[in-house]
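Please view the sequence and the model together while reading.

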Amino acid sequence: MAMTREELDELMQDSARNAVITTRDEFGISLDGSADSIKVIDEVILRWINKYRDQALEDKAVFTLCNIYGAYVGEVF
């Protein structure tokens, strides 16, 4: 079943919100929707790897991190 444009937009917005909330809760880092906040994403991903070691590199975790932070970057742009 294909997603409609509206469903895809909603999914990306929800994923970006998840990135903001999860980053704040896990690391105390604020992603504020500004272009400057995109610079922080590399640091956040490295923190995930450092905090969760092997778990952060499992396929499911990589998929999730790529989706939420990719959605965040896309929503900022």
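## Salt bridges and helix faces

Residues D9 and R5 both belong to helix 1, where they stand four residues apart, about one turn of the helix. The model is a predicted one. In it, the side chains of D9 and R5 form a salt bridge at 3.7 Å, N to O. D9 is partly exposed, with a relative accessible area of 32%, whereas R5 counts as exposed at 58%.

| Salt bridge | N to O distance |
|---|---|
| D9 and R5 | 3.7 Å |
| R24 and D25 | 3.2 Å |
| K51 and E26 | 2.7 Å |

The salt bridge of K51 and E26 links distant parts of the chain, with K51 in helix 2 and E26 in helix 1, 25 residues apart. K51 is partly exposed at 44% relative accessible area, and E26 is partly exposed at 26%.

Helix 1, residues 5-27, also holds L8. Together with M3 and L11, L8 makes a nonpolar surface patch of about 250 Å². L8 counts as partly exposed, at 34% relative accessibility.

Helix 3 covers residues 59-76 and reaches 26 Å from its first C-alpha to its last, close to the 26 Å expected. Its buried residues are L65, I68, Y69, A71 and Y72. They lie on the same side of helix 3, because they cover an arc of only 150° around the axis. Helix 1 and helix 2 are among the elements that cover these buried residues. The face turned away from the buried side carries the exposed residues D59, F63 and C66.

Conventions. Residues are numbered from 1 along each chain as its sequence is written. This is a predicted model: local features need pLDDT of at least 70, side-chain atom pairs count only at pLDDT 80 or more; totals for chains, interfaces and linings use all residues. Side-chain values use heavy atoms; hydrogens and water are left out. Patches are made of residues with over 30% relative accessible area and no salt bridge: like charges are joined within 9 Å, nonpolar side chains (Val, Leu, Ile, Met, Phe, Trp, Tyr) within 5 Å. Accessible areas come from the Shrake-Rupley method with a 1.4 Å probe; for residues, only the protein chains shown count as cover. A salt bridge is a side-chain nitrogen of Lys or Arg within 4 Å of a carboxyl oxygen of Asp or Glu. Helices (H or I, at least four residues) and strands (E, at least two) are DSSP runs, numbered from the N terminus. Buried means under 20% relative accessible area, exposed over 50%, partly exposed in between (1.4 Å probe, protein chains only). The expected span of a helix is 1.5 Å times one less than its number of residues. The arc is that of the directions from the helix axis to the C-beta atoms. Contact means heavy atoms within 4.5 Å.
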